[in-house]
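Me: I would like to learn how to read cavities, pockets and ligand surroundings in a model. Could we go through them one after another?

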Amino acid sequence: MKTTVKTLLTESPVDTEVVVKGWVRTKRGSKQVTFLEINDGSCFASMQVILDNKNFSNEILQKLRTGTSVKITGKLVASPAPQQPVELQGTKIKIYGEAAADYQLQKKRHSFEFLREIAHLRTRTNTFGAVFRIRNILAKAVHDFFQERNFIYLHSPIITTSDCEGAGEMFNVTNFDLNNIPLTKNNKVDWEQDFFGKMAGLSVSGQLEAEIFACSLGDCYTFGPTFRAENSNTSYHLSEFWMVEPEIAFGDLEDDMDLAEDFIRYLIKAVLEKGKDDLEFFDKRISKGKLKALEKLADAPFNRISYTDAISKLEKKSNKFEFKPKWGMDLQTEHERYLTEKVFKGPVFVTDYPKDIKAFYMRMNKDGKTVAAMDALLPAVGEIIGGSQREERYDLLAARIKEMGLELSDYDWYLDLRKYGTVPHSGFGLGFGRMVQFVTGMKNIRDIIPFPRTPGNAKF
Ligand code: 4AD
Ligand code: MG
C-alpha cells in the first residue's frame, strides 16, 4: 500500500528509508540546510523534510516553492522538535510539477470568500483539508449507523416528476430547444413533447421513493444529493445539498425522534473518535470550545417541546426577534437558535406543527390543526432535521393532497401504498451539510461542500 504522511507519522519505524509524495507547503532554511513541510492531505500534519543543500543542485532547490509537487526519498528519523514525532532526511528529490510564481496560496491568511473563488485549490489549505476529512468521516458513519441497524440503502432517483415538498422549488430538467419551446393550443408549455413526456425536475427529497421501499423492504435510507431552486442567500442554504433520509416501517413519531437522536449522537461520536486532529484545529481556530461541546452532546438526551409550547415561550421574548413569533408562522432561524441556544442550551425537537406550514404527507393529529411533524434543532445551525410520521390513511391523505391544490393523479402511486396494505411509518431528512457545519463550526455552509451551488453560482 502507498505510504502517506499519515502512515509515516503514526506507523512507520524510524531509521528506515521511506518515500513521501505531496505538495510543498512551506520552505525555509539557511545556506546549508532547507526545511520543507510536505502535505499530502492524508492528515492535518505535514511531514517535515530536511535537506542538506550540498547534496542538491541550486536548480532543484529553487524549484521547491510553495505548491510544487514532489517525491522525496530519505531516512525517517526521530525529530528533536516537539511539533512532530519524526522527520525525514531527504536524499533524493523528484519534482513532478513546479508551482508557477503566481500560485495564490502563499503563506498568509486568506478569507474564506476568496478561497471559494479558487475552490480548485482551497482543498490544499489546512482548513479545507480538515473540513473534507471530517465530511468523509461523517459520510462513512452515516452508512455504518444504518447498516449496523439493518436498514437497506436505496438509491432514490435524481430526476423525478414528483415534487415531494410540494413547494414548487424543483429545477426543471428539459431537452427542449429553449429558443423554440413547443406550446399547447392555450399557449402553455407542451410538456408532453418533452423528453420525459411530462414536466420533470431534480429531486428535492428522496422521501417518497424511500416510503415505497419502507412499505415493502422495511427500514431503509437514502443518502444522496437533493436540489432546491429557492432563492435563499443565507449561510445555511445551498441549491444542491446532500440529505440523509431514513424511513422506518411500523414506526411512529416517537420512534422517529428516538432514531434521529441516536443517529446524531452516533455521528458525533464517530468524529470524536476518528477526527481528533482535525477537530482540535477547529476548536482552536474556527470555533472555540467546539470539542467540549461535541463531547457533551455525544451523550446528551434531546429535549422535546411542541410547536404550540415553543411559540408561547418565544412570544414572551418577542422583543428579541426581527420576526415576531405567532402561532401559525414557520419558525425562523433566529427562533430556532433561541430555543436551542438559550431556552434548552442543547438539542431540541419541536413537534406537532400547524398543518398549513408543513407538507401534504404528514399525519394529521387528532386536533385537526396540527400534524405529527418534528424538526431537530441544534445550537449554531438551527434546523438540522425535518421529519414526520406519514399519513397512512387513504382518505385523509387524498383530502390533504386536494386541499393543497396538488393533482391526485400525480400521486396515484403514493396513494396506492395506502390502498394496498398500508402501515404506519415515519422518517426524517438530515441536512448533511448542516451536520458538517455543526461539527466543524464553519460559519457558512458554502465552506463545507466541495463545490457550492447557490443562486448565481455553479462554477467548477
Ligand atoms: O425539512 P426538509 O425540507 O425535509 C424534507 O425534505 C423531508 N422530505 C425529509 C424527510 O422527512 N425525509 O429538509 C430536511 C433537512 C433540513 O432539516 C435541513 O437540515 C436540510 O435538509 N436542508 C437544507 N440544507 C441545505 N440547503 C438547503 N437549501 C436545505 N433545505 C433543507
Ligand atoms: Mg424543514
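**Cavity, pocket and ligand**

Reply: Arg116, Pro452, Asn457, Lys459 and Phe460 line the largest cavity. The model is a predicted one, in which local features need pLDDT of at least 70 and side-chain atom pairs count only at pLDDT 80 or more, while totals for chains, interfaces and linings use all residues. Residues are numbered from 1 along each chain as its sequence is written, chains are lettered from A and ligands numbered from 1 in the order in which they are written, and side-chain values use heavy atoms, with hydrogens and water left out.

Me: How much space lies in the second largest pocket, and which residues are closest to its centre?

Reply: The second largest pocket holds about 1200 Å³, and of its 45 lining residues Glu165, Arg228, His237, Asp330 and Glu383 are the closest to its centre. Strands (E, at least two residues) and helices (H or I, at least four) are DSSP runs numbered from the N terminus; β15 gives the most to this lining, with six residues.

Me: What takes up the space of that pocket?

Reply: A molecule sits in a pocket if more than half of its atoms lie within 2 Å of the grid points, and the space taken by ligand 1 is the second largest pocket. β11 (240-249), β15 (382-389) and β16 (425-431) are the elements that give two or more residues to the shell around ligand 1, with the largest share, five residues, coming from β15.

Me: Which polar side-chain atoms lie by a nitrogen atom of ligand 1?

Reply: A polar contact is a pair of N or O atoms within 3.5 Å. A polar side-chain atom of Glu245 lies 2.7 Å from a nitrogen atom of ligand 1, and one of Tyr361 lies 3.4 Å from a nitrogen atom of the ligand.

Key
A polar contact is a pair of N or O atoms within 3.5 Å; within protein, one must be able to donate a hydrogen and the other to accept it, and residues adjacent in sequence count only if both atoms are side-chain atoms. On a 1 Å grid over the protein atoms alone, a cavity is a set of points where a 1.4 Å probe fits but cannot get out, and a pocket is an open set with protein on both sides within 12 Å along at least five of seven lines; lining residues have an atom within 4 Å of a point. Grid points are joined across faces, edges and corners, and a volume is the space filled by probe spheres set on the points.
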